[in-house]
Amino acid sequence: MQKLTKEIQDTAKKLLEENKVDLVVGFAKGSLPLRSTPYFARTAEQAEELVWNQFCENNLANYLKKREEKVAVVAKGCDIRAIVALIKENQINRDNLYIIGVTCQGMIDRNKADELVNGKEILETETNGEEIVLKGKDLEQKAKVEELLYDTCTRCAYGNPVIYDELIGEEQPAKEPNFEDIEKFEALSAEERAQYLAKEMEKCIRCYACRNACPMCYCDTCFVDESTPQWISKRANSAKDNLIFQGVRVFHQLGRCADCGACERACPMGINLSLLTRKGVKDVKETYGYEAGLNPDDKPVLSDFETDDPQPFLMKE
Amino acid sequence: MAYEPKIVAFLCNWCSYAGADLAGIGRLQYPTNLRVVRIPCSGRINPLFIFSALRNGADGILTSG
Amino acid sequence: MSTKRTGSVLVLGAGIAGIQASLDLAESGYYVHLVESSPAIGGVMPALDKTFPTNDCSMCILSPKLVDCGRHLNINVMTTSELIDLEGEPGNYKAKVKTRARYVDPAKCTGCGSCTEECPVKVDDDFNQGLSKRKAIYKQYAQAYPNAYAIDKNKCLKFKNAKACGKCLKACQAEAINHEMEDEINELEVGAVILMPGFDAYDASKLDYYGYGKVPNVITSLEFERILSASGPFGGHLIRPSDEKEPKKIAWIQCVGSRNCKNDHGYCSSVCCMYSIKEAVIAKEHSEHDLDTAIFYMDMRTYGKEFEKYYNRAQEEQGVRFVRNRVYELTEGEDGSVKIRYALEDGSIQYEEFDMVVLSVGLEPKGEAVELAKKLGIELNQYNFCEAKPLTGINTNKEGIYVAGAFSGPRDIPETVMQASAAAGEAQALLSEAKGTLTKAKEYPAETDVAGEIIRTGVFVCHCGINIAGVVDVPNVVDYAKELPGVVLSTNKIYACSQDSSGQIKEAIKEHNLNRVVVASCSPRTHEPMFQETLKEAGLNPHLFELTNIRDQCSWVHMDEPEKATEKAKDLVKMAVNKVALAKPVQPVKLDMNHDVLVIGGGVSGMTNALNLAEQGYQVNLVEKEQQLGGIARRLHYGLKGEDVQGYLNQLINQIEQNNNIKVYTGQEIADVNGFVGNFTTTLTDGQQIEHGVTVIATGSQEYQPQEYLYGENHRVKTLLELETEIADGQLDKVNNVVLIQCVGSRDSERPYCSRICCTKSIKTALKIKERRPEAKVYILYRDIRTYGFYEDLYTEARQKGVIFIRYSEDNKPVVENVEDGLRVTVTDHVLGEPVEIYTDEIGLASAIVPPVENNQKLSKFYKVPLNEDKFFLEAHLKLRPVDFSTEGVFMCGLSHGPKNLEENISQAKAAAGRAATVLAKDQITVEGKSAVVDKKKCSACGTCEQICPAKAIKVDEEEQAAVVNEALCKGCGACSSSCRCGAINVKGCTDEQIMAMLSAL
């Protein structure tokens, strides 16, 4: 990790010093343990603050949209998939973007760490390769990094960036996307599924953190905020409307969602949001063999039509 | 009273709506539960229309085009 | 001719050809009298189930044209009418038209059908080929225009005895029926006449060995169409008419009344191969169990665009059996089955039984049409078809009288439509000085500004006689509507569509200051334009209107549930009231129009097209990539009917060069294109820019350069075009043996299409060789001989003159080898089943017609027009829009569309001119204006709409960083709106708010 941090800093410094970019978007050390924070470095000195560790969970694609200046970004696999999808949608100008791709083994889920130490306060961490030590007052708990990773990260098949201008870190072994969670959900009866979703949606407080964390949600006016017509109630008291909110979000994400898990990480109520987004990801992959953000040159799958497209929704008996 | 679902149909003006007309010309009888919304093309159907119909009390949606 | 020409045209026959020609003429500035002998327009198409090769429902694709034609201000539809005399000269004819009494006034009849329910007389329904009954008062078919009934005088009881009946009179609340009506004769002044009377099906009972009329379950192909049709006698349920059993095995017998010299029907009917395949394929689709289908044929003639692929799919994917044979006899088998006795190619006699046999009957000219043609002095051919003058496509021997469709020879729908537009094109050119002199335009009062007004909706609920009121409680619905928000008037009408109702609605609008109108009656598809007209006449914008359908989609389909139907009608009215409250005026969009033309390609097609449009008075830019005009025709010497092609070509080039309206650019290609219909800017390779309103692509095709049969290795192996030049130069005058090989580069996996003209061309070449040197032996090695139409006569002649035909199959092609003093061809003969060796001096290869792929791809991108799989240009609709692209203002003709012979290319070139004129004749481009609108503030410029729009009417503007709609191109489908996540796009006349308002009425 130290080595990666050094390499990122050096690259950033060089880019800024040579005026190749005006800004480097990356991560700096967070003010709390188990956290890194998005950081904008505009000078070589500021670039010294950049870090890389297993808490760099935010999707930095969010900060790159509609920028006029030349920007470099420190980006992991999922960030880059979102970047690719955003380039296709005219939200990021590839010509003004320098991608410092970082290979990624997954980010650590704070909630899992908290659970492991039974809610004791973690003040410091120390990583040694595949092991992490969580330290605090009367606390020193060792754990395997792998066991603390976000669920989204454990299922991720894109530890290696799909495009980049410079690559940092060792290549990760290839993996196949894993949809066991969705398959399990699909195996439930319609009633069970409805019940589960209703329960999850009752938790929603409509804070819209999911939407704001999502790199692909960038509309100026979200449909939930519309008043002519008012599609759904603006209050959180109807689980049905909450489900419409999430349901339409999934529709809007079809063929675009990079499956980065930012929505779920942002949710303060712990709603299983990736269940919905990933169902969309899985269906698009199964139906059209398409995954978002892998190829800058193809057409977004739902904007394209071929006469031999599978149309299983028309064929169902 | 037996359960009577309400169905909303979004029908393309050029094909399905014409088909529904033809059903009338042929006096084909079907249940009265259907409410047809005529649209210029099935491409006009925003997913939100479907949610809205359900929200407004529809039990099922037919889209055809 | 010194007199001024008349700006109107008489179109005889209102089948698809008549309708197309009428629309083309009326849209380009000419008044049309459309004369049709039956009580409704439509011709044969309404009776067909599906159409090949797209399998579109025939009625579905036709009905928009019926409505357009029927409602057109400049088309005078005259049904139950016939042309009885014609005098005068080209440009100024006097036509006498007799209109037989219909006994129902179409202006009063609402088509409600109450009369027919009461009528006690049952008659065989001709429309259903006699497979079901209709009444003595009847409408020809459900969707007929005029939507009015007629009385069959010979069957009506009242005509036999005035006191006998009269039930219909009582049933008709519109008082449209009048048994006293008399025949009328009108004299019309017209500038030109187009004859498109259509065809009759061959009467199969004339050939007794087919058993038609004697053996049960032997039916004709037209009967089979009705059986398949959902609106037919059995509701689309595939059963035998004799015992209503579902057949498990059906056979089709080809060439019934065609290719039969003994019966004076020596010609090929051209369409039967394809329609039989289609019927077999659709029958399989209709059948709930595995249906065995077999087509008994001599040559499979799938020569049209996309036909060969249809044939291949039928064979390989759908499992239709094809049996090459000669049928001897059909006899009655067991359990109503039909036994076929036939011979295979090897001469062996076979028997097979089928549950049903369909006779693929041919086409023949209509008796009345033949009589009329004779009276008018129009020349007919030996079969009484009015074959067009050579190399004109559609001209008769009389100037100013044109012929199109099946009356000039058997042909399918696309070619019929093409000819119809071509005939319109010729009439437009002839009458150009009188353009716009007789057409009418309607004037309306100034529109009331309703902006900011409180909603004041008027609701009119129609009884439709008893059609609605017999089921729905109309007064109840009227009362209900009174309480709905914004409604200030709610009332009922016996027939909302009648003349006096229209007047009453106008008065109500004034009296109650209505600014929104809802009519609850029948289908907006048929009646919305009429009511909108009423609003316009009352000074209201026509889009402040809603028509809700409580008849076709309520009273008619819920006849046994009056209470529930009433509840539904109330809901429908509420939905309409909610929707109309949010309606805003929509204004038509007008854009300036450039009236110049760009024709790309200076071959015969491009030149013919340019010349026609120039004669119509338009400035034409003709671009040719070679240094010389002429295209591939420069290599042709003999036309298929013996015409002198070079003489014709030189004359055509001369006419082009002499015409002041045509500017020719040779040695130029297209380098760049900008704009859209009415406003194109095209840049040529030398940098010159041409501004034009329409584009015609006539870039032609090439001859395939064979890789097979030692072509290019042995100088004695030539393509047909090369051989033709040698014959013309006299180089073959001493030849002893010539072998012509068919399908070289066609009908294979690489080019799975038929090149259409090679069979006829080869036979013509063979006859030419025989003419020059009768003792020469000419062999034609073929897969199917596809001498469609009258070209069949050439095939007959060739066989009579000793040309030897040997069939080979695709998997066993002939082998050509070098031998001393010449060539040896080995081919397996299908009759003998053994290899035959032919020693020959010359080989002619019928090599394929191939598109210039790169060039076509380039133009395809420039003008946003598609190519098909074979890289020919792909028209907007294979059946009904054969020269249009879906991109407006761009047309095509000639070989760029697909293989065709010279005659057909000329016809298509004129058709493209006829169609282009409908655009060019407009002062401005006007669109209805129900287009998409973008809210720039909400748009995030993601470009999804741009990718999705099928009309290419929306684009992200770099400067604005928002999507911008080109209203001239937008069709208002709303696909952009529903795919816009940001809610930035709405559709005028069908906004999100309006749909929500309707849903909130649930």
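Which residues are buried in helix α8 (residues 307–316) of chain C? They are C:F307, C:E308, C:K309, C:Y310, C:Y311 and C:A314, where buried means under 20% relative accessible area, exposed over 50% and partly exposed in between (1.4 Å probe, protein chains only). This is a predicted model, in which local features need pLDDT of at least 70, side-chain atom pairs count only at pLDDT 80 or more, and totals for chains, interfaces and linings use all residues. Residues are numbered from 1 along each chain as its sequence is written, chains are lettered from A and ligands numbered from 1 in the order in which they are written, and side-chain values use heavy atoms, with hydrogens and water left out.

**Confidence**
- The model scores ipTM 0.98 and pTM 0.80.
- Chain C averages a pLDDT of 95, and 100% of its residues score at least 70; pLDDT is the predictor's confidence in each residue, from 0 to 100.

**Where chain C meets chain B**
- Chain C brings 42 residues to the contact and chain B brings 38 residues, with contact meaning heavy atoms within 4.5 Å.
- About 3,300 Å² is buried between the two chains, 55% of it on carbon and sulfur atoms; buried area is the accessible area (1.4 Å probe) that two parts lose on being put together, summed over both.
- C:R525, C:Q553 and C:L1002 supply 20% of the area that chain C buries against chain B, more than any other three residues.
- Six salt bridges cross the interface of chain C and chain B, each a side-chain nitrogen of Lys or Arg within 4 Å of a carboxyl oxygen of Asp or Glu.
- B:R44 pairs with C:D992 in a salt bridge whose closest N and O atoms are 2.8 Å apart.
- Between chain C and chain B, 18 residue pairs are in polar contact (both at pLDDT 80 or more). A polar contact is a pair of N or O atoms within 3.5 Å; within protein, one must be able to donate a hydrogen and the other to accept it, and residues adjacent in sequence count only if both atoms are side-chain atoms.
- On the side of chain C that touches chain B, the elements that each supply at least two residues include α13 (524–537), α14 (551–555) and α25 (992–999). Helices (H or I, at least four residues) and strands (E, at least two) are DSSP runs, numbered from the N terminus.
- α15(C) gives the most to this side, with seven residues.

**Chain B**
- Chain B has two helices and three strands, in the pattern β-α-β-α-β along the sequence.
- Its C-alpha trace spans about 35 × 30 × 10 Å along the principal axes.
- Of the 65 residues in chain B, 46% are buried.

**Inside chain C**
- Cover for the buried residues of α8(C) comes from elements including α7, β17 (292–297) and β18 (321–332) of chain C.
- C:S258 sits in the loop between β16 (249–256) and α7 (272–286) of chain C and is buried, with a relative accessible area of 3%.
- The side chains of C:S258 and C:S269 are joined by a polar contact of 2.8 Å.
- C:T439 lies in the loop between α10 (413–430) and β24 (457–462) of chain C, and counts as partly exposed because its relative accessibility is 24%.
- C:T439 and C:G7 are 432 residues apart in sequence, yet 8.0 Å apart in space, C-alpha to C-alpha.
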